[in-house]
Every structure is written in C-alpha cells, then in structure tokens.
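New notebook page, new structure.

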Amino acid sequence: TRYWRDWSSDVCSSDLRASTSRWLRYGLIANLVLLAVLIGGVLSQAYPATEAVRLRNALLMEVGRPSDFDWTPDSAPHDFRVLERDPYPEFRDAAEEITSPYGGDWQRALALAARLTQNAKDTGAIQADLLTTYRSIIDKGSGYCADYTDVYLGLAHAAGLGVRNWAFSFDGFGGHGHSFIEVFDRQRGRWVFMDVYNNFHVVDRASGKALSALEFRQHLLGRGNPVRIVPNGPGRMGYIIEEKLFDYYRRGAAEWYLWWGNAVFAYDAHPAVQLAGKFARPLEQLAAIAANVHPHFRVLATPENAGQIERMVRLRSKLQAVFAVVAALLLLLLLQIVLLVRRHVMSSPATCPPKTETVQESG
C-alpha cells in the first residue's frame, strides 16, 4: 500500500496558501512604499505655498499667441470658460444696488471696484468660497488680490459687464505675483485695465484715455506715453507713491498671463470643489483641475520669459509622469487588496474542507 496526497489543485493547501499570501503582502507593502515615495516627493516640492502654486501652474499653463489677447466678449475664444451660470442672489442684488445710478460700462465698473475697496485693510488672504470671500471683503476689509478679482468677476457678471482676469509673477510663474482685471467698455469698444485690490487704473497723461492692460505693460517697458494713476474710488490706495507702484509692476512685466476663463460661479458651485474646500485650499484647486472646472491660463510669451516657460513645461512633464505612475500603482493596490481578501475568504474554515488522504492498495 502506498499513500499520496494531490496538492497541485488544492487551493486550501497550507503551504501554497501561505506562500501566495506572503508574496501578495510583500507586493502590497512594496506598492505602498513606492506610492509614499512618489507622493512624498511631490509634496516636498509643494512647500512653501508659493511652490504649491508653481506645481498648479505647471499643470494649467499654455503658451499664448497674440490673437489670444485680442478679442471682445462677443467674440470670446470657444474654449474660454465664460460666466454662464446664474449669479448668486446676493451678488445679483449687490450689483443692482451698486450700479443702478450709472449708465456707462466704465462708470459701473468703477462703482463695483469702489465698493470692494471701501473697507480694505490688508489683512491677508481669505481662501474661502465665493460668498464667504465677498462678505469678508465687504464687512471686514479682508482679502488679497486674488480674493478681490474673483469677487469682482462675479459682481461684474451680475452687472452684465464683460471682464477677464490677468496676473503676473515675479518668480518664474510661481506663487509670488499679482492679479488684476480688464473690463470691456462697450461705449469705447475696448478693454480697460483695472487693479481692484490696489484701487487704481491708468490713464494717458496727455489724452486722459484709460489704458488697457497691454498698453499699460508697454508703458512699464518704456515704450508708451507718460501715464498717471487714478483711484477707482475713495478707498485706501495700495501704493501712495506712484513710482513704487510702477516698480512693482515692472518686476513682473516679463511674466504676464491671462486666465482662460471667468466662470467663478460654476467653479464655486461644483460638488468636488465644495467637498475638497472643506479640507484645504490646495486640495480644492486640485479637485477643480481633476473635475475640469479650473481655468487654464495663457502666457504672454516673450523672448525674456522663454527660459521660465521651458522650465514650467519640463515640470509639467515630470508631474504628468508621476501622476500616471501613481494611478497605475493605485489600480495595482486595489487588485492586491482584492486578491488578499479573496485568498483569506477561500482559506477560511468555512470554505476549506478538512484534508483527506487517498489510499491506494497494491498487489
């Protein structure tokens, strides 16, 4: 008589079960370590907050052409995210109250800006949803340049004005920079520059004509007529000394860009943005990018910023590669967890029958 056991097809074999589970656990641990290294590497580049902005901008940046900046609200590019969602009732009521005494676009635009800066106190960024930001600006004078431009875009939409949002940076398209507005004046048929946060616009000294953003930039580069700054309203001025204000803008003259959209209500109301915003502002913006509601921006490309643009393009390629690997590892992690759970269920006493020996007699 000889005895033998056929374990080749026995999924409940203790040796096979232990070996398979062990290698699955090793693989899962290696996966988690690699994910931690990759994610930790990205997070290490997101500190301080200005560097987190650089990472965001690398994902959003596009190189602009001259035609990208030469259009009217009626002929906006098809991919420019326009304000189509109805404004919040509080914005609609405020815009009606503020602008009703005025007829022309520019007068109404100035009235909106003046209301926002009437209590401004330079207390720092708000970093909240649109309604909270609006109330903090009006009631407390809180907020920084991006808070003011976002709220202004919403109010201007509620008032029926055409607006777009410009910005510049000092540090290669990172987080050190400034944000400002252009309003389309239908009576004059042209865009007009306005810095809502610093409470000023710019006019030609000789003609008194209010300049567009790109005309102001030409002056900063020494290529335009003499200009002077004019307050938008009676609130505090960001700069008392005119030349210091011009120096501030000149430092960012090589890194101007136009945000490719003004749909602040659609952004603010998106469920993913609202959920992520409860935890952290960077997470909110990452959710907005993933949900495709965050606008991209078009850089005003010049010979002076070619190097900065190239560095941002390389950074974007690295981030996209890391995100692709992370996505693949997360899928693999899910598969590993499923296999481990399945292995555990199949090897439980309820599913594994007791081992039996098969006896074969000889002779």
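**A histidine.** I began with His 294, which counts as buried because its relative accessibility is 7% (buried means under 20% relative accessible area, exposed over 50%, partly exposed in between, with a 1.4 Å probe and protein chains only). His 294 sits in the loop between α11 (281–290) and β9; helices (H or I, at least four residues) and strands (E, at least two) are DSSP runs, numbered from the N terminus. What does His 294 contact, leaving aside its neighbours within four places in sequence? I found Arg 56, Leu 60, Arg 81, Trp 259, Tyr 267, Gln 285, Ala 288 and Ile 289, with contact meaning heavy atoms within 4.5 Å.

**Ground rules.** I'm looking at a predicted model, where local features need pLDDT of at least 70, side-chain atom pairs count only at pLDDT 80 or more, and totals for chains, interfaces and linings use all residues. Residues are numbered from 1 along each chain as its sequence is written, and side-chain values use heavy atoms, with hydrogens and water left out.

**The sheet.** Next I traced an open sheet of six strands, in the order β2-β9-β8-β3-β4-β5, with mixed pairing (two strands pair if DSSP finds at least two bridges between them). Its edge strands are β2 (61–63) and β5 (190–194), each pairing on one side only. I also looked at β3 (residues 162–169) and β8 (residues 256–259), which pair in the antiparallel sense over three bridges. Within β8, Leu 258 is the bridge partner of Trp 166.

**Salt bridges.** I take a salt bridge as a side-chain nitrogen of Lys or Arg within 4 Å of a carboxyl oxygen of Asp or Glu. By this rule I get 20 salt bridges. In one of them, the side chains of Arg 298 and Asp 79 meet at 3.0 Å, N to O. Arg 298 lies in strand β9 and Asp 79 in the loop between β2 and α3 (89–99), so this pair ties together parts that are 219 residues apart in sequence. Buried or exposed? Arg 298 counts as buried, at 10% relative accessibility, while Asp 79 counts as partly exposed, at 35%.

I then checked Arg 236 and Asp 122, whose side chains also meet in a salt bridge (3.0 Å, N to O). Arg 236 is buried, with a relative accessible area of 17%, and Asp 122 is partly exposed, at 46%.

Last up was Glu 243 with Arg 250, a salt bridge at 2.9 Å, N to O.
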